[in-house]
Number of protein chains: 2
Amino acid sequence: MGRTPPHPDVSQFDLQLVLEALVDPVRRSIVSQLDAAGEDRACGSFDMPVSKSTATHHFKVLREAGLIRQYYVGTSRMNALRRAEMDEAFPGLLDALTARRTAVARG
Amino acid sequence: MGRTPPHPDVSQFDLQLVLEALVDPVRRSIVSQLDAAGEDRACGSFDMPVSKSTATHHFKVLREAGLIRQYYVGTSRMNALRRAEMDEAFPGLLDALTARRTAVARG
DNA sequence: CCAGAAGTACGATCGCTGTCAAACTTTGAT
DNA sequence: ATCAAAGTTTGACAGCGATCGTACTTCTGG
């Protein structure tokens, strides 16, 4: 569907949801890749050892936790890291987790 | 028993294990209480909504992730937060998670 | 208009983990 | 010696979530 999916507001960010999102290695890798890229990227452009349907699931979890913002460009769904807002809600958290320690594991 | 349980060395701290430990609300509460107390505390002295056997499980997970150090004093098992070592391995992580967000000012 | 590309939606597994109760161990006090 | 306190161990169970394949939708290019 072309409609924009629901995104939580910064005031509704929940630490529990954020941690549940970041505890998964695949999702943490997505965040790291997005952070390293410094620009928005399509779902399909990520290096991920899972199927497309599983990838969709991971992006949804990240979006609902407030970690990424998603919007369509043609058939591609773009993903933007909501770093400033995360830093506002949980100062230091993303810094601690994106510290070039990235390892992509098969889970 | 009575013997000291195994503790990982700082050089072997693993981010994945640490996050898996901290994603559980009960365990995060233990860490927060330990941090707020500023001193070692016995297992039974924590405010936890679970049974003793479940508590034992949580302390074990925290210990194996390197978040706490455990030692016996009489029949009590004391718990110490390994903050300095955690800060060394993952700078800013515990700070971000033990931040009291109810308060306003932050020095 | 049609084919392909990019994702989503939907079930269905399947393993993991948080939970408890019950039995046990160790220590300290009476 | 006995008893209670503090945890541990074991075994079982329930629910969640990561995974996949298949079918479906939407958009773009020819």
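Q: How do the residues of the surface near DNA strand C divide into nonpolar, polar and charged?

A: This is a predicted model. In it, the surface near DNA strand C has 12 polar, 5 nonpolar and 4 charged residues. Helix 3 of chain B gives the most to this surface, with 4 residues.

Q: Which of the 21 residues around DNA strand C come nearest?

A: They are A:K52, A:T56, A:R77, B:S51 and B:H58. Of the atoms of DNA strand C that come within 4 Å of the protein, sugar and phosphate account for 66%.

Q: Which atom of DNA strand C is 2.9 Å from the side chain of B:S53?

A: A base nitrogen lies at that distance from an N or O atom of the B:S53 side chain. A polar side-chain atom of B:D24 is 3.4 Å from a sugar or linking oxygen.

Q: How much area do chain B and chain A bury between them?

A: The size of an interface is often expressed as the accessible area lost when the parts come together. Here chain B and chain A bury about 1,300 Å², with 66% of it on carbon and sulfur atoms. Of the area that chain B buries against chain A, B:Q16, B:L19 and B:V23 supply 33%, more than any other three residues.

Conventions: Residues numbered from 1 in each chain as written. Chains lettered and ligands numbered in written order. Predicted model: local features only at pLDDT ≥ 70, side-chain atom pairs only at ≥ 80, totals over all residues. Heavy atoms only, no water. Buried area = accessible area lost by both parts, 1.4 Å probe. Near = heavy atom within 4 Å. Polar contact = N/O pair within 3.5 Å; in protein donor to acceptor, adjacent residues only side chain to side chain. Helix = DSSP H or I, 4+ residues; strand = E, 2+ residues; numbered from the N terminus. Nonpolar A, V, L, I, M, F, W, Y, C, P; charged D, E, K, R; others polar.
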